[in-house]
Amino acid sequence: MNTANMRQLLRAAPSVFAARASLVALAKAFRMNYARLPICASYQHHMRSLSDNNRSKWHGLWEPSDLKTEPDIPEFDTIHISMKGFDYPVLESYAKYVHKAVDTMFDLESDAWPVPAKSTQIKTFHPNSAAVNDKYDLQKYERTVMVEDVPITTLPILLEFVRKNCPEGVEVFVKEPDPQEEEERYVPDYEVIELQKEKEAIAAGKLRKK
Amino acid sequence: MAYPPIFSSLMRCIQLCSRAKLLRAQSISSLLSSNQIRHGSILYSAVCVERYPVITSNKSTIEERFSELLSKLEQENSFLSDHEVRHLKEEQAAKMKQENADEESGNVDTETVTALDLEDKWDAEIKSFTPASRVTQADEQQNQKSVERRLESSLYLLVKQNIAGREHWVLPQATWENGETLRQTAERALSSVCGDVKATVLGNAPCAVAKYEPPKEDEEKPIKLFFYKAWYREGNVNTDSGLASDYVWVTKEEFKDFCHNSYNGHLKKFIFDM
């Protein structure tokens with residue numbers, strides 16, 4: 001039984017080294033079978049140290065008294081900088097600029113992503129009639145830059161930077177994360193929805209047939 | 001370390017203020033107000049109200065020429081747009097028709113909207129639209145009290161306040177009182193000195209500080225002036241309260257026309273014009 005387990009673990013070798021839990025299992029297996037498999041003493045020691053209950057007897061005995069659990073200057077957990085505009089190249093280059101500045105200049109943890117665009121159709125009419133003069137299809141594009149662990153003294157500077165460098169035609173909003181906006185990021189996969197409906201219809205159909 | 005008379009006169013003003021408070025409180029036992037004793041130095045909070053630019057900034061000559069060059073390059077390196085392709089096709093079709101017409105008898109032309117017709121229509125549309133002028137009435141009149149002036153650059157509020165018996169052009173400021181935060185002092189300065197101006201103060205911590213250490217011979221207290229930045233929202237100054245005798249909205253370059261050199265030096269630390 002043990003050898004079967006071992007074979008399974010060894011077959012999954014590349015993924016084993018990715019997951020610690022499986023490593024621990026491997027260590028346990030090795031500990032039981034080290035006599036059979038040829039591994040050196042240092043590797044045995046390494047495998048032993050990987051197990052969860054391996055703690056030095058001096059662990060936690062002398063804790064430093066000046067340990068800081070919080071930073072000196074309080075920090076905002078997450079800040080979302082969302083940029084919206086109809087002019088795509090301008091918006092895109094500004095979003096890149098802000099992201100790069102936050103990363104390089106302000107030295108803060110950041111991530112940036114696009115939000116699905118909202119399209120609007122505009123029709124202009126001839127005066128005093130319903131005849132369409134012009135038809136426009138506009139897309140309002142959106143980009144969001146997320147900044148993490150912003151010290152409260154840095155935020156005003158970040159706000160000023162974002163506002164001063166804002167190009168024409170771009171609206172910027174700096175706010176804390178909104179779960180509603182998180183929902184709007186996801187575009188519905190119509191194919192999947194249709195297939196699911198089909199599946200439900202078939203299931204219902206089957207029940208009816210019975 | 002040559003400081004202007006502003007700070008020494010500030011010191012004298014504080015002593016006068018404290019004596020006035022003393023009389024109001026009717027406590028003859030203490031010579032100095034308890035508010036001032038508690039802190040080693042005199043603290044002030046000033047607020048820098050900034051009206052952000054409304055329109056894009058004007059390009060300098062080099063920027064103009066470079067921007068022209070870039071658009072020229074972009075056009076020369078670009079592909080033809082759908083409209084231009086359509087125009088070319090129509091031209092070719094027209095040529096073919098002419099050649100065919102020479103050979104055969106003339107055919108009836110069907111009414112189509114050509115690309116050129118569309119261009120004419122768009123030109124007419126543009127001509128009918130007049131954008132607002134970049135130069136406002138306030139610009140023409142050189143009215144420095146107006147917020148509508150110089151829409152392409154930031155405007156900052158300067159007031160003429162009486163500090164230690166003398167009038168100075170400064171950012172609106174107020175003395176710190178015991179029990180309030182520096183930010184509250186800044187907001188009080190805004191509401192009491194400026195009147196109807198509505199602004200959003202940025203941050204609880206000041207963005208800059210100006211210190212004055214008097215020489216040891218004069219038994220005066222050191223002064224600390226903390227600056228806060230605020231974004232202008234609406235309203236304008238009214239000098240009804242009497243704390244400010246005059247006010248102006250100026251750009252960064254115009255500061256030197258009003259403030260003392262050393263004060264200007266402190267302002268340059270945190271006012272950036274990008």
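Biologist: Which strands of chain A does helix H5 lie across?

Modeller: Helix H5 of chain A, residues 88–104, lies across E1, E2, E3 and E4 of chain A, and runs at about 0° to E3(A). Contact means heavy atoms within 4.5 Å, while axes are lines fitted to C-alpha atoms, for helices over the stretch in contact, with angles from 0 to 180 degrees between N-to-C directions. Helices (H or I, at least four residues) and strands (E, at least two) are DSSP runs, numbered from the N terminus. Please keep in mind that this is a predicted model, in which local features need pLDDT of at least 70 and side-chain atom pairs count only at pLDDT 80 or more, whereas totals for chains, interfaces and linings use all residues. Residues are numbered from 1 along each chain as its sequence is written, chains are lettered from A and ligands numbered from 1 in the order in which they are written, and side-chain values use heavy atoms, with hydrogens and water left out.

Biologist: What order do the strands of that open sheet take?

Modeller: The four strands are ordered E2-E3-E1-E4 in chain A, with antiparallel pairing, where two strands pair if DSSP finds at least two bridges between them. Strand E2 (109–125) and strand E4 (170–175) of chain A are at the edges with a single partner strand each, so one side of each has no neighbour in the sheet. From one strand to the next, the twist averages 15°.

Biologist: And how many bridges join E1 and E3 of chain A?

Modeller: Ten bridges join strand E1 (residues 75–85) and strand E3 (residues 132–151) of chain A in the antiparallel sense; within E3(A), A:Val147 is the bridge partner of A:Ile79.

Biologist: Which residues of chain A does the UniProt domain annotation cover?

Modeller: The unreviewed UniProt entry places "domain: Small ribosomal subunit protein uS10" on residues 80–175 of chain A, although such annotations may be inferred rather than shown by experiment. That span, residues 80–175 of chain A, is 28% helix and 51% strand, and its end C-alpha atoms lie 5 Å apart.

Biologist: Switching to A:Ile202, where does it lie?

Modeller: A:Ile202 lies in helix H8 (residues 190–209) of chain A, and its C-alpha atom is separated by 45 Å from that of A:Thr78, 124 residues apart along the chain. A:Ile202 is partly exposed, with a relative accessible area of 47% (buried is under 20%, exposed over 50%, partly exposed in between, with a 1.4 Å probe and protein chains only).

Biologist: What share of chain A is buried?

Modeller: Of the 210 residues in chain A, 24% are buried.
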